[in-house]
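Good morning, and thank you for the time. I would like to take the group through one structure, beginning with a single side chain and ending with the contacts between chains.

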Amino acid sequence: MLPLVTGSQILEPFRNFWTDLSALDPVLLQLAAFAVLLGGVYALAALGLTMIFGVMDVINFAHGMFLVVGMYTAWLVSSNLGFPDYVGLPIAIIAATALMFAVGWILSVLTIEPIIEAPEENQFIVTLGISFILLAALRLRFSTQSRQINLQFGELQIGGTFIPWAQLAAVGIAVAAIVAVYLFLQYTKRGRAIRATADNRDGAWYMGIDVPRVDHLTFGLGAALAGLAGASIALFSPFSPSAGDVYLVRAFIIVVLGGLGSFPGALVGGLVIGFIEVFGGYYLPGTFGDVVVFALFVGLLYVKPTGLFGTEAER
Amino acid sequence: MSAESTPLEGVSDAYSRFDEHRYSSLAKGVLGFALLAALPFLSKNTPLGGFLSVNVLVVTLVFAYTSQAWNIVSGFTGYFSFGHAAFFGLGAYIATKLVVAYSVNPWIGLLVAAVVAAVVGLVVGYLNFRYRLSGHYFALATFAFAMLLQVTFRNLGEFGGAVGIYRPFPRDYMTNPEYGLVAMQFRSPEPYYYVILAFLVIVTVAAWLIKNSQMGLYLFAIRENEDAAASIGISTYRYKMAATGISAFFTAWAGTFWAFYLELIRPETVFGLFKNVQILLPAVVGGLGTIAGSIVGAFVIFPLSEFLRLNFGDLAGADDIVYGLSLVLIALLLPNGVLSLPARIRSLLGGDDDED
């Protein structure tokens with residue numbers, strides 16, 4: 001620690017960054033492209049979490065494992081169906097999303113609804129328990145070794161910048177999903193019921209909205225978004241049963257950064273974390289970028305716990 | 001209730017007469033700890049040993065102890081800390097580092113680590129309570145602190161980085177290297193068991209004294225209704241801070257003990273998400289805010305999961321299913337913990353005991 005504080009080491013990354021910036025090094029453009037790609041996927045990973053929180057006031061610790069189940073589902077379907085990739089992959093992604101929707105709905109009926117009015121620690125404990133069970137089940141079934149969907153999509157080249165097609169596709173899915181969910185919430189009857197419940201649970205009850213049903217739909221949609229995110233990530237990244245932790249923690253940070261329950265917040269939060277991680281990974285020694293991410297997390301919780309886009313809700 | 005008394009009712013009457021006696025909790029405590037002290041003998045000389053090796057007992061007591069320390073802040077005040085691994089990890093890392101770098105005896109290291117952890121606890125508590133975090137935000141903030149320490153230690157080469165630190169040998173910090181109490185290292189697990197049992201007695205007495213003092217009254221008032229407590233003139237901030245400091249102080253001991261019991265400490269294991277869960281689980285399973293809850297809860301979870309891990313070792317993750325299922329079922333079916341089970345059964349059987 002000491003040499004890091006006293007020595008020039010702590011300044012060196014910034015100096016390097018400044019040198020690259022003033023020289024307009026093309027590496028910056030490449031890093032920015034990667035950051036946007038990563039951030040988009042992170043935003044998708046955080047979307048379900050923020051939705052469940054916004055409507056049900058439940059922090060879903062199983063969210064990371066939902067993603068991993070999505071990854072494995074996509075992998076199983078795409079490798080067993082025997083279709084060519086351009087048919088098999090969309091089917092695999094849809095299968096992962098649909099499966100997680102059903103899983104989310106069932107879990108909501110069985111485990112979340114009975115304790116939705118209970119103190120929040122019970123919700124932590126239940127969702128943590130679910131995540132342990134999912135993790136153990138995946139380990140038993142698929143062992144702990146890491147898997148990969150073998151794809152050779154190649155890269156897109158713009159200027160001197162390389163963009164892997166698979167990651168671009170994942171970000172495309174993310175943007176499409178965010179837009180679709182937004183439209184659903186704004187313009188459909190069920191979407192309005194969800195927003196009304198998020199706004200005021202008691203009021204929604206009085207207006208004749210079946211709040212438990214809205215909760216199940218929300219939890220199902222949140223889980224489906226996690227499944228979709230997992231399937232998209234599986235397109236370009238190897239995964240193992242324990243991959244969930246990283247994405248869970250990232251999703252927490254993004255959701256807190258953007259404001260619990262805020263959609264645009266999730267997108268911006270995802271991009272911020274994507275940039276910190278990619279640039280931090282390039283310029284900072286070791287995994288010091290992670291330290292920056294968590295310091296930001298802690299700091300933001302205190303300075304603005306409602307996040308960048310959050311409303312001044314009761315905390 | 002029928003007029004004629006059955007033998008069962010006789011026992012139950014005798015028990016409630018005992019229960020009302022002013023020294024009953026002392027008697028129960030002494031009896032309970034005597035039983036715990038006898039457990040290593042029982043596990044060696046009876047078939048019980050098939051289920052409970054002494055190593056499992058040590059692990060069980062470590063988390064009974066840590067959970068008791070966690071309970072002092074989270075069980076008593078209702079502020080759900082999800083980051084006590086931060087103090088556990090500090091206890092492990094500071095004491096080990098002091099031994100490795102300066103040959104400081106681990107017992108002194110333990111006290112230094114405990115003081116540092118208490119100070120860190122007070123800083124975290126200051127920020128949390130100053131910025132009035134509660135509920136989800138409090139839990140997330142404490143969690144974030146533990147994660148921040150984890151990634152920080154992973155990047156500190158002096159502390160072994162991601163590889164961690166191996167437990168030093170007694171010859172590294174003693175002039176006459178001898179395993180034993182002074183070295184905090186033993187060649188067999190039984191002495192470890194009695195050391196952690198002594199820790200458990202200390203923290204349990206501390207928790208009992210706090211709970212039965214004015215401070216305990218105030219802490220529970222904060223749990224029930226903080227605004228009301230503040231409105232009758234209780235300095236809720238001061239009492240929350242005190243509870244946090246004491247809790248962090250004791251939690252660090254467990255970390256030091258852990259470091260000198262296991263071979264290796266790593267940022268992922270001592271600061272990780274799973275450690276947070278292991279710390280809070282016994283108290284939650286046993287019953288939040290109760291004194292016996294952490295110990296009972298630890299004995300519900302750890303022997304069972306260890307048994308599964310040992311007997312189904314090729315099925316990696318069978319023990320995690322126990323964790324997961326016990327978490328879900330306890331939260332759904334017994335939200336007040338295992339200790340509330342007798343009262344619930346009595347009320348289901350139509351007894352006149354009121355549930356508390």
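A residue is called buried under 20% relative accessible area, exposed over 50%, and partly exposed in between, using a 1.4 Å probe and protein chains only. By that definition S131(A), with a relative accessible area of 7%, is buried.

Two sentences on the source. This is a predicted model, in which local features need pLDDT of at least 70 and side-chain atom pairs count only at pLDDT 80 or more, while totals for chains, interfaces and linings use all residues. Residues are numbered from 1 along each chain as its sequence is written, chains are lettered from A and ligands numbered from 1 in the order in which they are written, and side-chain values use heavy atoms, with hydrogens and water left out.

To return to S131(A): its contacts (heavy atoms within 4.5 Å) include F61(A), A62(A) and M65(A), leaving aside residues up to four places away in sequence. S131(A) belongs to helix α6 of chain A. Helices here are DSSP runs of H or I with at least four residues, and strands are runs of E with at least two, numbered from the N terminus. The 23 residues of α6(A) span 33 Å from first C-alpha to last, close to the expected 33 Å, where the expectation is 1.5 Å times one less than the number of residues. After α6(A) comes S143(A), with a positive phi near 60 degrees.

I turn now to the interface. In chain A, 45 residues are in contact with 44 residues of chain B. Between these two chains there is 1 salt bridge, meaning a side-chain nitrogen of Lys or Arg within 4 Å of a carboxyl oxygen of Asp or Glu. That bridge pairs R154(B) with D290(A), with the closest N and O atoms 3.4 Å apart. The elements giving two or more residues to the side of chain A that touches chain B are α5 (85–112), α6 (120–142), α11 (244–258) and α13 (288–303) of chain A. Of these, α6(A) supplies the largest share, 16 residues.

Over all chains, the search finds 9 salt bridges. One of them joins E277(A) and R250(A), whose closest N and O atoms are 2.5 Å apart. Because E277(A) lies in helix α12 (residues 263–283) and R250(A) in helix α11 of chain A, the pair ties together parts 27 residues apart in sequence. R250(A) is buried at 6%, whereas E277(A) is partly exposed at 22%.
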